[in-house]
Amino acid sequence: MAQSNKYRTGDQVKVRVDSPSHHYRTPTYIQGKTGVVVAICGRYRNPESLGHGGDGMPEQLLYRVAFAQNSVWDRYQGPSGDKILVDIYEHWLDPVGV
Amino acid sequence: MSESHDGEHVHPESGEELSLYARRAQAIEALLVEKGVCSTGEVDRMMNMVESRSPSDGAKVVAHAWSDPEFKARLLADPRSALTEIGYSLPDTTPHLAVVENTEQVHHMVVCTLCSCYPRALLGRPPDWYKSFAYRSRAVVDPRGVMREFGLELADSVEVQVLDSTADLRYLVLPRRPTGTENLSEAELAKLVSRDCMIGVTDPHVPEGVAAS
Amino acid sequence: MPKPHDMGGEPNDEPIDQSDHQKMDWEMRADALHQVLGQKGIRRTDEMRRAMESLDPDLYRSLSYYERWTAALELLMVEKGFLTSDEIDRKVTQLNQGAN
């Protein structure tokens with residue numbers, strides 16, 4: 001129950017690069033990118049299990065991670081402050097600069 | 001066609017050719033009913049329930065948040081319980097809702113690149129464009145270009161934050177209250193709040209003569 | 001190699017078509033049937049997503065929204081043993097005959 005969050009808001013994280021054959025919810029465009037945790041959205045049953053008839057356990061922490069748009073796209077046209085925010089489960093994130 | 005909205009739908013004349021998938025959908029429903037998995041009445045009732053939800057629900061919530069700063073704070077912090085206060089009790093099966101506020105500094109815009117996640121409880125069914133491949137592809141990489149198509153040109157000093165609702169949350173944008181609307185009632189304010197500004201592709205539109213100068 | 005649904009940032013120059021098509025009766029019923037089956041715990045959102053993602057990429061890209069839902073629902077109902085494809089084929093024939 002007292003499972004602790006691996007990351008806190010403000011932590012830098014890097015999204016894992018993977019394309020498992022099962023269902024997953026981490027878009028390809030954000031994989032391998034580094035961002036900052038801006039919110040902890042709670043624990044949810046794991047869609048990678050739910051999508052295949054599993055019970056979704058153990059639940060996964062879901063983080064809202066902000067990425068600078070110009071670090072995600074070479075071709076981004078907008079100002080450097082623009083961001084993209086993606087909800088990503090904990091097991092898809094690695095720590096940065098620890 | 002452009003006048004059409006979600007409340008209208010088409011009953012094909014009998015004998016008119018239905019697409020392959022339309023027929024398969026009908027066949028699946030008929031078989032599930034024959035087998036007692038569900039009933040026609042349940043599907044009818046659900047259809048009416050889905051039809052009863054529309055962006056005017058979201059607009060009322062936004063107008064209330066504009067009029068009552070304390071409610072707005074509660075709506076941003078805990079949407080489910082704030083909505084219950086004003087008579088929108090969401091069933092437990094409804095996906096979790098998050099409300100994000102547009103300000104002078106930050107403008108949010110919502111997309112679901114992987115499918116079509118959308119705050120249906122407050123906005124009804126998503127519009128076709130929200131589910132289109134063009135929007136799903138472009139919204140994350142060219143949000144300002146997309147907004148320009150919807151008539152919104154944002155200054156470079158405004159930070160654009162695109163939200164890709166990939167997981168368990170559904171996002172509702174709380175737009176900025178237009179200037180000059182201080183004297184409007186909540187009902188009048190709600191009329192300014194379009195579906196598209198609660199997705200964040202545009203801002204509320206104030207018709208000539210409505211705002212105080 | 002991304003699956004067909006994973007399209008964020010894909011090169012796309014098309015303007016956003018902002019018109020909304022009139023919903024056909026079958027589309028509204030398909031939408032409602034999905035919600036009913038969801039409430040009964042017969043199909044989950046993530047299963048539907050997984051089934052849609054498993055469609056042939058060309059098929060995924062060529063079907064309309066509710067056609068994709070229908071293809072995915074058929075996959076799931078067969079997989080879970082509620083229906084067979086033969087049964088659905090026969091019912092389709094029967095419905096087509098009834099309409100003529």
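Helices (H or I, at least four residues) and strands (E, at least two) are DSSP runs, numbered from the N terminus. With that in hand, welcome to this predicted model, in which local features need pLDDT of at least 70, side-chain atom pairs count only at pLDDT 80 or more, and totals for chains, interfaces and linings use all residues. Residues are numbered from 1 along each chain as its sequence is written, chains are lettered from A and ligands numbered from 1 in the order in which they are written, and side-chain values use heavy atoms, with hydrogens and water left out.

**A loop residue in chain B**

- P95(B) sits in the loop that runs between α5 (79-85) and β2 (96-101) of chain B.
- With a relative accessible area of 36%, P95(B) is partly exposed; the scale calls a residue buried under 20% relative accessible area, exposed over 50% and partly exposed in between (1.4 Å probe, protein chains only).
- Setting aside residues up to four places away in sequence, P95(B) touches R80(B), D168(B) and R170(B), where contact means heavy atoms within 4.5 Å.
- A121(B) is 26 residues from P95(B) in sequence, and their C-alpha atoms are 8.7 Å apart in space.

**Chain C as a whole**

- Chain C has five helices and one strand, and from the N terminus on its elements follow the order β-α-α-α-α-α.
- Along the principal axes, the C-alpha atoms of chain C fill a box of roughly 45 × 30 × 25 Å.
- Of the 100 residues in chain C, 52% are buried.
- Among contacts in chain C with a separation of 6 or more, 63% come from residues 24 or more positions apart.
- Chain C exposes about 4600 Å², and carbon and sulfur atoms supply 49% of that area; accessible areas come from the Shrake-Rupley method with a 1.4 Å probe, and for residues only the protein chains shown count as cover.

**Where chain C meets chain B**

- At this interface, 57 residues of chain C are in contact with 61 residues of chain B.
- The two chains bury about 5800 Å² between them, with carbon and sulfur atoms giving 61%; buried area is the accessible area (1.4 Å probe) that two parts lose on being put together, summed over both.
- I16(C), D20(C) and R29(C) supply 13% of the area that chain C buries against chain B, more than any other three residues.
- The rule finds nine salt bridges across the interface of chain C and chain B, each being a side-chain nitrogen of Lys or Arg within 4 Å of a carboxyl oxygen of Asp or Glu.
- E34(B) forms a salt bridge with K91(C), with the closest N and O atoms 2.3 Å apart.
- On the side of chain C that touches chain B, α1(C) gives the most, with 11 residues.

- D46(C) lies in helix α2 (residues 45-53) of chain C, and counts as buried because its relative accessibility is 8%.
- The side chain of D46(C) makes a polar contact of 2.9 Å with the side chain of R49(C); such a contact is a pair of N or O atoms within 3.5 Å, and within protein one must be able to donate a hydrogen and the other to accept it, while residues adjacent in sequence count only if both atoms are side-chain atoms.
- Another polar contact, of 3.1 Å, joins the side chains of D46(C) and H23(A).
- Beyond its neighbours within four places in sequence, D46(C) is in contact with H23(A), R25(A), P47(A), L50(A) and G51(A).
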